[in-house]
Amino acid sequence: MKATMNLPNHPECDDGTAIFYSDVIRILNQASIPVLLGGGYALEFYTHTGRQIKDLDLFIAQKDLERVFTVLNQKGFRTTLDFPHWLGKVYHADQFIDLIFSSGNGLCKVDPLWFKYARAGIFCGLPVHFCPPEEIIWSKAFVMERERYDGADIAHLLLVCGKHLDWQRLLFRFGDHWRVLYSHLILFDYIYPTEKLRVPQEVRREFETRLKNENDSLMDAEKYCRGPLLSRSQFQIDTVKFGYQDARVAPAGKLSSEEAATWTAAANGSGKQAVECRKGKATQPLPEKS
């Protein structure tokens, strides 16, 4: 059921930012391009924590990216494709909106299920849809950088939405990476020791069974490191010096070697791509339609 809810009044955009946000959303709606609100605004929509929000994340399907750029450029906005495997931006003056169609590690691609289970609401006076909480948890669970860790966001989503989540879809989303989700559940029990019933007991039993029955040879004979799926910079030593294969890169992962290298270089603040991204000047060819 897609219940309609209003985004709490806090935090509010200033007038200029609100006009920019609403103009972009209105243009995409008029062009019949499906778009979802994510990031801090979606988290606030579900949890009402009153957090300060600095920018807007719009989630779109990769197949719609070229149309998004075209209609926004025709309306006078500037667009860039910062990372062809997952992220673009739309600019007005010094303001920007992230246009997200996957995740930095390549695992959490925006597909039709994001839109099927989206929740309706109101934002800047416009009817909108927010990313489903299950997909928010899925995409945030892998963010474990030195400078950013989204575990608190997941804990708050579990606290508020845990009893009503589609846990089967969530398990499907994580697939072979279910240990990442399990780690967040273990931390949730530690953070909220009196709130264990927010997560169904059968979910915990499922994870316990998986751990008991798991095969030590789960992965191929290749020496993989999954660390880069969680942090693009903190496990470079493993792939550069210790001889591990980067689990982000095909065939184990979804990224090409070039995409993984570019994304990692930006985290390190090295290379022309990193400098241009910080200045909002990065432009890349549009990715092939999928």
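Alanine 93 sits in the loop between strand E5, residues 87-92, and strand E6, residues 95-100. Please note from the outset that we are looking at a predicted model. Alanine 93 has a positive phi of about 55°, although it is not a glycine. Is this residue buried or exposed? Alanine 93 is exposed, because its relative accessible area is 66%, and the cut-off for exposed is over 50%.

A second residue belongs in this part of the talk. Histidine 48 also has a positive phi, of about 55°, and is not a glycine. You will find histidine 48 in the loop that runs between helix H2, residues 39-47, and strand E3, residues 56-59. With a relative accessible area of 45%, histidine 48 counts as partly exposed.

Let us stay with the backbone for a moment. Which two residues are joined by a cis peptide bond? They are alanine 250 and proline 251, and omega for this bond is about 10°. Proline 251 lies in the loop between strand E10, residues 245-246, and helix H12, residues 257-267.

I turn now to the packing of helices. Two packed helices are described by the angle between their axes and the distance between the axes. Our example is the pair formed by helix H7, residues 167-174, and helix H8, residues 178-191. From H7, the contact uses Trp167, Leu170, Leu171 and Phe174, while H8 supplies Trp178, Val180, Leu181 and Leu185. Of the residues in this contact, 8 are nonpolar, none is polar and none is charged.

The next topic is the largest pocket. How much space lies in it? The answer is about 1,400 Å³. The pocket is lined by 48 residues, and those closest to its centre are Trp86, Asp98, Arg148, Arg232 and Trp263.

Finally, let us consider the chain as a whole. The protein chain contains 13 helices and 10 strands. It has 290 residues, of which 50% count as buried. Consider next the contacts in the chain between residues with a separation of 6 or more: 63% of these contacts come from residues 24 or more positions apart.

Technical notes. Residues numbered from 1 in each chain as written. Predicted model: local features only at pLDDT ≥ 70, side-chain atom pairs only at ≥ 80, totals over all residues. Heavy atoms only, no water. Axes fitted to C-alpha atoms, helices over the stretch in contact; angles between N-to-C directions. Helix = DSSP H or I, 4+ residues; strand = E, 2+ residues; numbered from the N terminus. Contact = heavy atoms within 4.5 Å. Nonpolar A, V, L, I, M, F, W, Y, C, P; charged D, E, K, R; others polar. 1 Å grid on protein atoms, 1.4 Å probe; cavity = no way out; pocket = protein on both sides within 12 Å on 5 of 7 lines; lining within 4 Å. Points joined across faces, edges and corners; volume = space filled by probe spheres on them. Buried < 20%, exposed > 50% of the residue type's maximum accessible area, 1.4 Å probe, protein only.
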